[in-house]
Amino acid sequence: MSNIAHWLKPCLQQVQVLKKTNRLSHALLITGADGVGQEELAREMVKDLMCEVDQAAACGNCHSCQLMRADTHPDFRVLDGEASSIKVDQVRLLVRQMSQKPQVGQNKVVLITHAQAMNINAANAVLKALEEPSARTYFVLTSSQSTRLLATIRSRCLLINVPTPTKAEVTQWLGEQPEGSTLSSLFWLTTQPFRLLSLQQQGKVSLYANLPDQLLSMLQGRSSVTDVLKGLDSNNIEDYCNGLAAVLHQCICHSTGAPLDQALQAIYKALMARLGIQSLMMRYQSLQALKSDLQKTNLNPIMQLTHELNQW
Ligand SMILES: [Zn+2]
């Protein structure tokens with residue numbers, strides 16, 4: 001079996017068995033919390049489906065497997081809704097392409113990741129394709145918010161729910177990734193394994209990793225707001241907002257008894273002493289509002305965040 005995270009393996013095996021016994025539905029919906037690996041699982045499943053050899057898992061050697069590895073398989077199409085919504089024209093074009101005979105192997109696969117990003121017309125076009133499936137064409141959808149999909153789409157799919165790994169499982173898995181063990185220092189921000197990996201790939205680990213110490217230093221009067229925000233620019237302001245919001249959120253949860261990551265223990269004490277729980281909640285709401293206004297407002301976002309942090 002391919003080297004995927006071990007909490008994904010039972011889901012992959014389930015589909016491999018169905019494929020091997022010719023009982024696999026032509027539509028699959030992979031759900032689970034953000035960052036647990038739906039997309040990685042989907043990509044593995046697609047490889048198995050595209051392989052020309054009649055066996056459960058991809059052989060890795062046939063022409064289809066080689067084309068998949070080179071990312072040039074003509075019978076495989078992807079729509080990704082992570083960055084922007086999926087439009088009806090994109091779906092129609094793809095369905096038209098998929099109505100042709102396979103050019104290489106026997107199967108054709110459409111992968112739609114972050115499928116909740118389909119607008120209503122796009123969703124209806126997908127539904128139509130699911131209702132009138134072309135032979136040997138599979139639709140694989142992933143979503144962390146599957147309740148936002150049309151119920152009629154969900155009901156036509158085989159549902160595969162990815163379990164959320166425990167902190168211990170995530171720690172072990174990170175230890176197996178290149179330079180992954182340092183990522184456990186960001187557990188105060190998230191324990192979602194693929195979100196952590198994505199932050200590493202984007203070169204954002206130090207931005208987040210340094211934040212707790214910088215904040216503590218500011219709260220204890222050893223440095224200024226300007227020091228905390230010295231790396232801030234228009235490209236990473238969302239990250240700063242996310243980091244600050246995560247600190248406040250964890251502290252608010254801790255005030256009601258939830259465990260608190262070691263990295264935030266001293267900040268919690270300092271914030272409670274300075275602000276108290278009511279003001280802490282107000283600062284959290286204010287930060288969320290600032291974040292959602294980032295796209296719409298003409299005000300200087302860096303000035304706004306400086307103003308926000310001045311009230312901590
Ligand atoms: Zn193969």
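This is a predicted model: local features need pLDDT of at least 70, side-chain atom pairs count only at pLDDT 80 or more; totals for chains, interfaces and linings use all residues.
View 1. Residues are numbered from 1 along each chain as its sequence is written. The C-alpha trace of the chain spans about 70 × 40 × 35 Å along its principal axes. Its secondary structure comes to 14 helices and 5 strands; helices (H or I, at least four residues) and strands (E, at least two) are DSSP runs, numbered from the N terminus. Of the 312 residues in the chain, 34% are buried, where a residue is buried if 20 or more other C-beta atoms lie within 10 Å of its own, exposed if 12 or fewer, and partly exposed in between, with C-beta atoms placed from the backbone. Among the contacts in the chain with a separation of 6 or more, 71% come from residues 24 or more positions apart, two residues being in contact if their C-beta atoms, placed from the backbone, lie within 7 Å.

**View 2. The open sheet of 5 strands.** The strands follow the order β2-β3-β4-β1-β5, with parallel pairing; two strands pair if DSSP finds at least two bridges between them. At the edges are β2 (76-80) and β5 (158-161), each of which pairs on one side only. From one strand to the next the twist averages 15°, based on axes that are lines fitted to C-alpha atoms (for helices over the stretch in contact), with angles that run from 0 to 180 degrees between N-to-C directions. Strand β1 (residues 27-31) runs parallel to β4 and is joined to β4 by 5 bridges, and Thr31 stands opposite Ser143 in β4.

**View 3. Strand β3 and its surroundings.** In β3, 6 of the 6 residues are buried, so this strand is largely enclosed by the rest of the structure. Lys108, Val110 and Ile112 point one way from β3, whereas Val109, Leu111 and Thr113 point the other way. The strands β2 and β3 run parallel and are joined by 5 bridges, with Arg77 standing opposite Val110 in β3. Between these two strands the chain crosses through helix α4 (residues 88-98), and this β-α-β crossover is right-handed; a crossover is right-handed if, with the strands pointing away from the viewer, the path from the first strand over the helix to the second runs clockwise.

**View 4. The pairing of β3 with β4.** Strand β3 (residues 108-113) and strand β4 (residues 137-143) run parallel and are joined by 5 bridges. Val109 stands opposite Tyr138 in β4, Val110 stands opposite Phe139, and Leu111 has Val140 as its bridge partner. Together with helix α5 (residues 120-131), β3 and β4 make a right-handed β-α-β unit. Strand β4 is mostly covered, with 6 of its 7 residues buried.

**View 5. The nonpolar cores.** A nonpolar core is a set of buried Ala, Val, Leu, Ile, Met, Phe, Trp, Tyr and Cys residues joined through C-beta atoms within 7 Å. The largest nonpolar core has 47 residues, of which Leu28, Met45, Val46, Val109, Val140 and Leu141 touch the most other members. Helix α2 (residues 38-50) gives the most to this core, with 6 residues. Apart from this core lies another, of 29 residues, among them Leu174, Leu211, Met218 and Leu309. When residues up to four places away in sequence are not counted, Val140 touches Leu28, Ala42, Met45, Val46, Val109 and Leu111.

**View 6. Glu40 in helix α2.** Glu40 is found in helix α2 and counts as partly exposed, because 19 C-beta neighbours lie inside 10 Å. Leaving aside neighbours within four places in sequence, Glu40 is in contact with Ile4, Leu8 and Phe194. The C-alpha atoms of Glu40 and Ala5, which are 35 residues apart along the chain, are separated by 9.0 Å.
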